[in-house]
Amino acid sequence: MESKKILLSEKDIPTAWYNVLAEMPVKPRPMLNPATHEPLTAEDLMPLFTEEASRQEFNTTDTWIEIPDEVRDMYRIWRPTPLVRARGLEKALDTKAHIYFKNESVSPVGSHKLNSAVPQAYYAKKQGVTNITTETGAGQWGAALSLAAKHFGLELAVYMVKISFNQKPYRRSIMQTYGAEVIASPSMSTKAGRKIITEHPNYQGSLGTAISEAVELAMSTPNCKYVLGSVLNHVALHQTVIGLEAEKQMEMAGEYPDIVIGCFGGGSNFSGISFPFMRHNFSGERSTRFIAAEPSSCPKLTRGVLQYDFGDEAGYTPLIPMYTLGHDFSPANIHAGGLRYHGAGAVVSQLRSDGMIDAVDIPQLETFAAATLFARAEGIIPAPESSHAIAAAIREAKRANEEGTAPVILFNLSGHGLIDMAAYDQYIAGDLANYEVTDEDVARTTDSLAKLI
């Protein structure tokens, strides 16, 4: 009988991350100082980020960056993660396509986010930092960093998007159990938060707002650094352990993916599953399709503009070359809180611009229909974010049925949804809705951007 799960041993945990910046055919444009529009250097980021994260952010020469032993040691708690053949889903879809998923939901916090939380907390500890701050949407990143911070003896303050703070109380409880302070964003604890609450008293928050608050707190607190969960290059770098393991596991299965899919918010899990396979497209050995699956209510890759924009709402961050809906875009209150972000990282944006990545936007109800089908076929209740990747995989399998083809499809199950059952309750009760973004909505929040591209 063929294996359901394809497993690696602990000795197969990657010893180095893959740095896509070193091999991209076209490098992304530089981040800019918002005041002078001059390109930034690693030293410019060091007041905010750890020194090592800042160096990794600008490393365009080293294809492989060594994973510290202390990080690999903590990785062993849950890595390597299984690669699973989704035969139950294949049967439910009556498809000849071979569908695989990388199961990142087996981490202690239930998602892929720990892959970057551990090294970033380690670098902070190694540098002598005592306090760190961050933002979180659905709470997956906040939960991951809470565990990593406690492991390395750091104090952590998490700004959690207010709608998720209220929708997902158990994620908040997880962070507090690990010892983090959790603040609903926007809050009255920062200048950025107070300004937003004064202007929009009922605003339910966004990742852009929470980033502004976390950055402000980090910059005003002694011996404190800001730690980011997505978007920037060093975060994507750490997540490549996903694809590097999956590459070995696909080889063990005797197959190679024709299509690789990840859900997309800022780009961390999509980059993690995609970049190690993409390097073979760069060399011409392969022609795999890469699909980023984003919400229809926050469609930066499919409907946004490629322009320099702030990574946060208040304008505290550098200007980043990104596909964006505008930093003051207010996403609808969908349950996939981790995908409610206005922009895409510079690397993914460049790859998208160069035609190396496809993107699809998927309505909320379709994602929950896909999630429910997957749960009943495979036994795992997926996170609402991950359900976008499942929905895209189902679309591809149905297309293959119509075309009479049998592609090998790989997607990243970035997290489980066992703490998102309130959202499933609403879906089952028929209380969820789709949210559409009009061209006027996009124009309203992007027309004011400086035209630097």
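What follows is a tour of the sheets, helix contacts, cores and a few single residues.

This is a predicted model, in which local features need pLDDT of at least 70 and side-chain atom pairs count only at pLDDT 80 or more, while totals for chains, interfaces and linings use all residues. Residues are numbered from 1 along each chain as its sequence is written, and side-chain values use heavy atoms, with hydrogens and water left out.

Let's begin with a sheet. Helices (H or I, at least four residues) and strands (E, at least two) are DSSP runs, numbered from the N terminus. Four strands, in the order S8-S7-S6-S9, make up an open sheet with parallel pairing; two strands pair if DSSP finds at least two bridges between them. Strand S8 (181-185) and strand S9 (224-226) are at the edges with a single partner strand each, so one side of each has no neighbour in the sheet. From one strand to the next, the twist averages 20°. Strand S7 (residues 155-161) runs parallel to S8 and is joined to S8 by five bridges, and Val 161 stands opposite Ser 185 in S8.

Now look at the helices against this sheet. Helix H6 packs on the sheet and touches strand S6 (131-136) and S7, with a direction that makes about 160° with that of S6. Here contact means heavy atoms within 4.5 Å, and angles run from 0 to 180 degrees between N-to-C directions, with axes fitted as lines to C-alpha atoms, for helices over the stretch in contact. Helix H10 (residues 207-220) lies across S6, S7, S8 and S9, at about 170° to S6.

The axes of helix H5 (residues 114-127) and helix H6 (residues 140-151) come within 8 Å and cross at roughly 40°. On the H5 side the contact includes Leu 114, Val 118 and Ala 121, and on the H6 side Trp 141, Leu 145 and Ala 148 are among the residues involved. The residues of this contact divide into 10 nonpolar, two polar and no charged. As for classes, Ala, Val, Leu, Ile, Met, Phe, Trp, Tyr, Cys and Pro count as nonpolar, Asp, Glu, Lys and Arg as charged, and the others, Gly among them, as polar.

Helix H9 (residues 191-199) packs with H10 at an angle of about 145°, their axes being 8 Å apart. In this contact Lys 191, Ala 192, Gly 193 and Ile 196 of H9 meet Thr 209, Ser 212, Glu 213 and Glu 216 of H10. By class, the contact of H9 with H10 has two nonpolar, three polar and three charged residues.

The loop between S8 and H9 holds Pro 186. At 2% relative accessibility, Pro 186 counts as buried, where buried means under 20% relative accessible area, exposed over 50% and partly exposed in between (1.4 Å probe, protein chains only). Leaving out residues up to four places away in sequence, Pro 186 touches several residues, including Lys 162, Gly 193, Ile 196, Tyr 203 and Thr 209. Pro 186 and Tyr 203 are 17 residues apart in sequence and 7.7 Å apart in space, C-alpha to C-alpha.

Next come two buried strands. Five of the six residues of strand S5 (residues 98-103) are buried, so S5 is largely enclosed by the rest of the structure. S5 pairs with strand S4 (residues 83-85) in the antiparallel sense over three bridges, and with strand S15 (residues 408-413) in the parallel sense over six bridges. Lys 102 in S5 is the bridge partner of Leu 83, while Asn 103 stands opposite Leu 413 in S15. In strand S13 (residues 319-324), six of its six residues are buried. Strand S12 (residues 305-310) pairs with S13 in the antiparallel sense over six bridges.

Finally, which residues touch the most other members of the largest nonpolar core? Of its 71 residues, they are Trp 17, Tyr 75, Val 118, Ile 132 and Phe 275. A nonpolar core is a set of buried Ala, Val, Leu, Ile, Met, Phe, Trp, Tyr and Cys residues joined through side-chain atoms within 4.5 Å.
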